[in-house]
Amino acid sequence: MTEIAKFETEFVKRTKILLETYIGDFGLSNAINCTLGLIILPNEMLGRSRNPIWNLSVADIPELNYLRIQTFEPIKKKIKN
């Protein structure tokens, strides 16, 4: 088995190609599977990759500023004593 030199970049490129070129009866399933892969990949790569980009917060990546991604902060109840 060969190792992909820039796995993260290649994964995204191949996923984009799959989405653009898929011809078949399961287009929605293909789109859901590709999207799920793009969601899961960062979580899986956190401890495994040597690429420093995985240590950044989404807000710290200038190329993603146009997405206006906000981090979800759950509301915590204040407990009165």
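## Basis of the model

Because the model is predicted, local features need pLDDT of at least 70 and side-chain atom pairs count only at pLDDT 80 or more, while totals for chains, interfaces and linings use all residues. Residues are numbered from 1 along each chain as its sequence is written, and side-chain values use heavy atoms, with hydrogens and water left out.

## The chain as a whole

The chain has 2 helices and 0 strands. Helices (H or I, at least four residues) and strands (E, at least two) are DSSP runs, numbered from the N terminus.

Of its 81 residues, 12% count as buried. Buried stands for under 20% relative accessible area, exposed for over 50%, and partly exposed for what lies in between (1.4 Å probe, protein chains only). The chain exposes about 8000 Å², and carbon and sulfur atoms supply 59% of this area. Accessible areas come from the Shrake-Rupley method with a 1.4 Å probe; for residues, only the protein chains shown count as cover.

## Helix α2

The 19 residues of α2 should span 27 Å at 1.5 Å a residue, and this agrees with its end C-alpha atoms, which are 27 Å apart. The expected span is 1.5 Å times one less than the number of residues. At I39 the helix bends by about 25°, and the proline P42 follows within four residues. The bend at a residue is the angle between axes fitted to the seven residues ending there and the seven starting there.

The buried residues of α2 are N30, C34, G37, L41 and M45. An α-helix has 3.6 residues a turn, so residues three or four places apart point the same way.

Helix α1 (7–21) is included in what covers the buried residues of α2. From the α2 side, N30 lies in the helix that covers residues 27–45 and counts as buried because its relative accessibility is 16%. Leaving out residues up to four places away in sequence, N30 touches L18, L19 and Y22, contact being heavy atoms within 4.5 Å.

From the α1 side, T15 belongs to helix α1 and is buried, with 6% relative accessibility. Apart from its neighbours within four places in sequence, T15 is in contact with C34 and L38. A31, in helix α2, is partly exposed at 27% relative accessibility. The C-alpha atoms of A31 and L18 are separated by 8.8 Å, although these residues are 13 apart along the chain.

## Surface features

L36, I39 and I40 make up a nonpolar surface patch with about 280 Å² of accessible area together. Patches consist of residues with over 30% relative accessible area and no salt bridge; like charges are joined within 9 Å, and nonpolar side chains (Val, Leu, Ile, Met, Phe, Trp, Tyr) within 5 Å. L36 is in helix α2 and is partly exposed, with a relative accessible area of 46%.

The count of salt bridges comes to 1, a salt bridge being a side-chain nitrogen of Lys or Arg within 4 Å of a carboxyl oxygen of Asp or Glu. K16 pairs with E20 in a salt bridge whose closest N and O atoms are 3.9 Å apart. K16 and E20 are separated by about one helical turn because they are 4 residues apart in helix α1. Both residues, K16 and E20, are exposed.
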